[in-house]
Amino acid sequence: MRQRLRQIQIQWQQHSIDISDILVGERAALILSSQLLNLVDSQAARLFLASQVFDEARHVEFFTRYQQELPLNNYPPGTALTRLLRKAIAEQDINHKILVCQLIIESLAMARFRLLKKECRIPL
């Protein structure tokens, strides 16, 4: 019984870490996509980025509420992720911002979502 309780506590802690990481990524994607919106010249690119800004804002809102309502602990991101995101946000090069936002953050998010779908039993 005690071992099962400890196992459940560890699973909740891992879930808290997962949601904290996702929230950091969603916030970074929101910032980067809004920065990119101001940097692109193409009307099609601006429309795409405007919809992405809207989607990222919804994701930030959802995961913030989710984290607060369960309630889950909020864990800071690792130093490597923090360094990557801060550099991308401060970067002036549009290609660097696109690379981090569209390839790195979105790929990490999709991988984490697949993992959560397999492991998470919370019906949301």
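Q: Is Leu115 buried, partly exposed or exposed?
A: Please note that this is a predicted model. Leu115 has a relative accessible area of 34%. Buried means under 20% and exposed over 50%, so a value in between is called partly exposed; Leu115 is therefore partly exposed.

Q: Where is Leu115 found?
A: Leu115 belongs to helix H4, which covers residues 94-119. Leu115 and Asn95 are 20 residues apart in sequence, and their C-alpha atoms are 29 Å apart in space.

Q: Which residues make up the largest nonpolar core?
A: In soluble globular proteins, nonpolar side chains tend to be buried together. Here the largest nonpolar core has twelve residues, among them Val24, Leu36, Val40, Leu85 and Ile105. Helix H1 (2-37), helix H3 (79-90) and H4 each supply at least two residues of this core. The most come from H1, which gives five residues. A second, separate core has eight residues, including Ile22, Leu23, Tyr66 and Leu72.

Q: What does Val40 touch, not counting residues up to four places away in sequence?
A: With those residues left out, Val40 touches Ala45, Arg46, Leu49 and Ile94. Both Val40 and Leu49 are part of the largest nonpolar core.

Q: Which residues does a cis peptide bond join?
A: Most peptide bonds are trans. In this model, a cis peptide bond joins Leu70 and Pro71, with omega about -25°. Pro71 is found in the loop between helix H2 (43-69) and H3.

Definitions and conventions
Residues are numbered from 1 along each chain as its sequence is written. This is a predicted model: local features need pLDDT of at least 70, side-chain atom pairs count only at pLDDT 80 or more; totals for chains, interfaces and linings use all residues. Side-chain values use heavy atoms; hydrogens and water are left out. Helices (H or I, at least four residues) and strands (E, at least two) are DSSP runs, numbered from the N terminus. Buried means under 20% relative accessible area, exposed over 50%, partly exposed in between (1.4 Å probe, protein chains only). A nonpolar core is a set of buried Ala, Val, Leu, Ile, Met, Phe, Trp, Tyr and Cys residues joined through side-chain atoms within 4.5 Å. Contact means heavy atoms within 4.5 Å.
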